[in-house]
Amino acid sequence: MIRIYGIRNCDTIKKTLAWFADQQLEIEFVDYKKTPPDEALLRTWLTQLDWEQLVNKRGTSWRKLPQEQRDTLTEAGAIEQMIANPSLIKRPLVEYQGSVSVGFDEAHFAHLAARAR
């Protein structure tokens with residue numbers, strides 16, 4: 001099953017969930033606000049993605065971090081920040097059969113949908 005992580009009221013998540021619903025695919029949605037990722041899950045994602053791909057540097061949560069912290073952030077620090085504030089994680093994060101991707105990408109979603117059918 002395709003698992004999608006994000007925040008329910010995020011416009012990109014709404015668009016993603018609508019896309020999968022239009023494809024009549026069953027998905028599991030995990031809301032970061034209700035079920036924040038733990039360190040083990042983040043480290044699993046980081047086996048496939050660089051921490052800089054995982055952190056949403058365009059969002060308000062990123063901009064709220066002090067500039068010095070943003071400038072000196074490491075993977076360990078990013079993990080701490082994402083645990084403390086899951087809104088820092090780029091959305092959507094999509095898991096399917098062990099693979100992980102981030103961001104809205106219809107071509108990638110179509111590929112996943114074809115594999116999931």
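Predicted model: local features only at pLDDT ≥ 70, side-chain atom pairs only at ≥ 80, totals over all residues.
## Core, a buried arginine and an exposed glutamate

E68 is exposed, with a relative accessible area of 63%; exposed means over 50%, buried under 20%, and partly exposed in between (1.4 Å probe, protein chains only). E68 sits in helix 5 (residues 67-72). Helices (H or I, at least four residues) and strands (E, at least two) are DSSP runs, numbered from the N terminus.

Residues are numbered from 1 along each chain as its sequence is written, and side-chain values use heavy atoms, leaving out hydrogens and water.

The largest nonpolar core has 35 residues. Such a core joins buried Ala, Val, Leu, Ile, Met, Phe, Trp, Tyr and Cys residues through side-chain atoms within 4.5 Å. I2, I4, W45, L54 and M82 touch the most other members. Helix 1 gives the most to this core, with 4 residues.

R91 lies in the loop between helix 6 and strand 3. R91 is buried yet has no salt bridge, meaning a side-chain nitrogen of Lys or Arg within 4 Å of a carboxyl oxygen of Asp or Glu. Two distances describe its side chain.

| From | To | Distance |
|---|---|---|
| R91 side chain | S87 backbone oxygen | 3.1 Å |
| R91 | D31, nearest side chain of opposite charge | 8.5 Å |

Contacts (heavy atoms within 4.5 Å) of R91 beyond four places in sequence include G6, C10, Y32 and G103.

Key:
Lys, Arg positive; Asp, Glu negative; His and termini not counted. Polar contact = N/O pair within 3.5 Å; in protein donor to acceptor, adjacent residues only side chain to side chain.
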